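Here is a short report on one structure and the way its chains meet. Look at the model, then read on.

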Amino acid sequence: MKVKMIHGLKIERREEPGLPARILLKVLAVILSFLFSAILFAISGIDPWYAYTLIFVRSFTYSGLAEITTKLIPILLCTVGLIVAFKAGIWNIGAEGQLLLGAVGATWIALFVDVYDPLRLPLALLVGMIFGASWALIPIILKVRLNVNEIVSTLMMNYVASGIVDYLVYGPWKGAREWGFPYTDKFPDTVWLPLIPGTRIHWPTLIFGVFSSIMVYMLFSKTVLGFEMKVCGQGRKIADYLGMPYGSRLMIAMVISGGLVGLAGVGEVCGVHRRLRYASSISSGYGYTAIIGAWLSGLNPLGSIPSAFLLAFLLTGRDIIQVSLGLPFATSNIFNGCILLSMLVVEALGRYRVRWGRWTI
Amino acid sequence: MDYITEFIAMMISASTAILLAALGEIYAERSGVLNLGVEGMMAVGATIAFYATLSTGNIIIGLLSASISGMLLSLIHGFISITIRSNQVISGLALSMMGLGISSLIGRNLIGTPLRNSLGIIEVALLSDIPVIGAFFRQNALTFFSYILTAILWYILFKTKIGIAIRMVGDNPKSADSLGINVYTVRYRCTLLGGALAGLAGAYLSVAYTPTWIEGMTAGQGWIALALTVFSAWNPLYALIGSYLFGGIRILQFRLQPLGLSPPLLSTLPYLFTIISLALLNIEKIRWRIGAPQHLGKPYHREEA
């Protein structure tokens, strides 16, 4: 064990930092990324202090918080979904596409299927989950059977999914009453998710999101299935050695992952937009944001709630500065990248313990 | 120019960007560093090249600054994956996100600005008149450069000591280290080469292929380049051939449009083709690829390895 001493300050290597240290490190990462983005903003001629004040002042109002909560819902569901995949060792970068497919499934039930009206909403939720799960199942079957790298295939499938959505809203599903806009017709009110009055918060989905984070926590801490998924995540060799069904455990993980992400898509079309629109307006990068969410929560499902809140706050901030400073939409990616990078740097710091007199971190 | 020759010429010019990016990524991955930041480095390269060429009027400066910007970004990835040994997948994804963000921040005032001087088509006398093959000799300077570069990089990787060192570092860093090869230096150099070529690939898009800048102009080509790296079995020569397949699909997409097929659906073709081609490679009967570098994506640490 390496020990370095400077003025009574001891730095030594350790295996795994404790919970307080981990939380402290995440907070440090977020602060670092604020600083780093500020520098980039300043270089490109935008006053970072003005931008940040604007974000904080506008966010912490009643309408700002309502908007944050609305955005928190899809991010939470996607984050929990991705945690399941990541824990099973699957790099699911395809949440964006799985979310869109969920939205397509819900739209199909909402507008084009003849069902008994009270069943329409539950069916839309179910079919959305099935669509998202099926979309997630394709790359995992390719991985298990044909050894196709899932990072590339899930990513490629995001582009395919957005092509499908655009095809539908510009083509066969284009609304008759939409004046040439690439939208479907408005959904009948039987598939609307109930909102908290005066906001766009579709609360049933929010409750389900919180519930799912607890369920996934239980899955991995209390059940054999969760344990097997984690073990299979270590690789095929280990799974075979222990006699665990590698392929089936990975597929189950990906179905849960895609299903939760698909549900986020249903929430967006049945709760927020109430119609299907072109791909980039249905999901403004929720699927990619959720990768940060999963990493920020340290792959702990319970950590996904505060992480999703932070990311929803950042997305709301993005909208605020996009409107006030005329910045392009994609600019917020800088911040997303910074957060991930500083988390990686800070994690490396976490491999060391710092002692100073009685104080240890 | 007949139809086939014209199609091939277009196919080649549509594939140069992914070829350049894949060549760089082959070197990075051969040394054991998986860099998923190609898309981001390309986006920044495209923007910087356009900006620099526009403001200096000199394309060479544009291309050079794009390469340098790609190298700077890959240096971040190198630091995280080689020096502090953190997660390479996440670091690469972060780099892609950051690159896309930076490019739209810098480029926000460039939209719609035409570029007065872009890389023009060079026709090699006599050779360019040969039917079909002539298509290879009727390209811009950067595409000619990509042919030469492929040959050089292939030669270095398989026929020189440097190449052996690179492959050894990616396959078995511990023995490479025991033979006195500096694992960290080799990995840093390969990662930086990958960054430089990804930046150049982006520059190709904005100053040669379509001399304009639009937001998100890389449109997933960086990811396709990553798929091409796998497809080529980490061999520069196969990457050249593979890139033409991918380029051909891109052109096919535009050629099929007049047939009344929906443009959004056609736009999914390159991505579908990428997935299908990776799957086909692994079907038992036509398995011809060699395995990935053994230590791809795994950090090296003397104390632990």
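Chain A and chain B have 1 residue pair in polar contact between them, both residues at pLDDT 80 or more. A polar contact is a pair of N or O atoms within 3.5 Å; within protein, one must be able to donate a hydrogen and the other to accept it, and residues adjacent in sequence count only if both atoms are side-chain atoms. Salt bridges between chain A and chain B number 0. A salt bridge is a side-chain nitrogen of Lys or Arg within 4 Å of a carboxyl oxygen of Asp or Glu.

This is a predicted model, where local features need pLDDT of at least 70, side-chain atom pairs count only at pLDDT 80 or more, and totals for chains, interfaces and linings use all residues. Residues are numbered from 1 along each chain as its sequence is written, chains are lettered from A and ligands numbered from 1 in the order in which they are written, and side-chain values use heavy atoms, without hydrogens and water.

**The interface**

How many residues does each chain bring to the contact? Chain A gives 42 residues and chain B gives 43 residues. Contact means heavy atoms within 4.5 Å. The two chains bury about 3,800 Å² between them, 78% of it on carbon and sulfur atoms. Buried area is the accessible area (1.4 Å probe) that two parts lose on being put together, summed over both. A:M156, A:Y159 and A:L341 supply 16% of the area that chain A buries against chain B, more than any other three residues.

These helices of chain A each supply at least two residues of the side that touches chain B. Helices (H or I, at least four residues) are DSSP runs, numbered from the N terminus.

| Helix of chain A | Residues |
|---|---|
| α1 | 19-43 |
| α5 | 117-146 |
| α6 | 150-170 |
| α12 | 286-296 |
| α14 | 332-349 |

The largest share, 11 residues, comes from α6(A).

**Elsewhere in the model**

Over all chains, the whole structure holds 8 salt bridges. In one of them, the side chains of A:K71 and A:E67 meet at 2.8 Å, N to O. Both residues lie in helix α3 (residues 62-87) of chain A, 4 residues apart, about one turn of the helix.

B:I181 sits in the loop between α7 (173-178) and α8 (183-209) of chain B. Leaving aside neighbours within four places in sequence, B:I181 is in contact with B:A165, B:M168, B:V169, B:A176 and B:V186.
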